[in-house]
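Me: I should like to go through this structure with you. Please keep the answers plain.

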Amino acid sequence: MNEAGIDISCHVPKRVDQYLKDEWDYVITVCDQANETCPLFLGKVKHRLHKGFEDPSNATGPEEFIMGEFRRIRDLIMNEFRKFYEENLKI
C-alpha cells in the first residue's frame, strides 16, 4: 500500500462486532467468493454490495510473481472503488 502512497502502518485489525450498532450506507465485500461464503454483517445497512476479486494470498510461484499479484489486485480494487465513488457518491 505504501507503494501506492497509502500509509497503513498504524492500522490494526478490528472485530466487526464493534460496528453492529452503527448505521451504514454501504457494506461492500471484496474477496473472491465472499458473497457466498463470508458471514453476514447483521448491522444496519442501506446497501449491500459484492465486488469480487481474486485473493492474492493464494498466488504461488516466485516472490516476484506473488508480489505482482498483490499489486495487480490492489490496483483493481483501487480502480473499481474510484469508479464506484465517481458514479455513486461524488457530489
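Me: What do the buried residues of helix 2 pack against?
Reply: The buried residues of helix 2 pack against strand 1 and strand 2 (44-53). Contact here means heavy atoms within 4.5 Å. Helices (H or I, at least four residues) and strands (E, at least two) are DSSP runs, numbered from the N terminus. The model is a predicted one, in which local features need pLDDT of at least 70 and side-chain atom pairs count only at pLDDT 80 or more, while totals for chains, interfaces and linings use all residues. Residues are numbered from 1 along each chain as its sequence is written, and side-chain values use heavy atoms, with hydrogens and water left out.

Me: Which residues of helix 2 are buried?
Reply: Glu69, Ile73, Arg74 and Phe84 are buried in helix 2. Buried means under 20% relative accessible area, exposed over 50%, and partly exposed in between (1.4 Å probe, protein chains only).

Me: Why does Arg74 count as buried?
Reply: Arg74 counts as buried because its relative accessible area is 16%.

Me: And what does Arg74 touch?
Reply: Not counting residues up to four places away in sequence, Arg74 touches Met1, Glu3 and Ala4. The side chain of Arg74 also makes a polar contact with the side chain of Glu3, at 3.3 Å. A polar contact is a pair of N or O atoms within 3.5 Å; within protein, one must be able to donate a hydrogen and the other to accept it, and residues adjacent in sequence count only if both atoms are side-chain atoms.

Me: What about Glu69, which residues does that one touch?
Reply: Glu69 touches Glu54, Pro56 and Ala59, again leaving out residues up to four places away in sequence. Glu69 is buried because its relative accessible area is 16%.

Me: How far apart are the end C-alpha atoms of helix 2?
Reply: They are 37 Å apart, which agrees with the 39 Å that the 27 residues of helix 2 (residues 63-89) should span at 1.5 Å a residue. The expected span is 1.5 Å times one less than the number of residues.

Me: Changing topic: where is Lys90 found, and is Lys90 buried or partly exposed?
Reply: Lys90 is found in the segment after helix 2. Lys90 is partly exposed because its relative accessible area is 47%.

Me: What separates the C-alpha atoms of Lys90 and Ile8?
Reply: A distance of 24 Å separates them, and the two residues are 82 residues apart along the chain. Ile8 lies in the segment before strand 1 (23-31). Ile8 counts as partly exposed because its relative accessibility is 41%.
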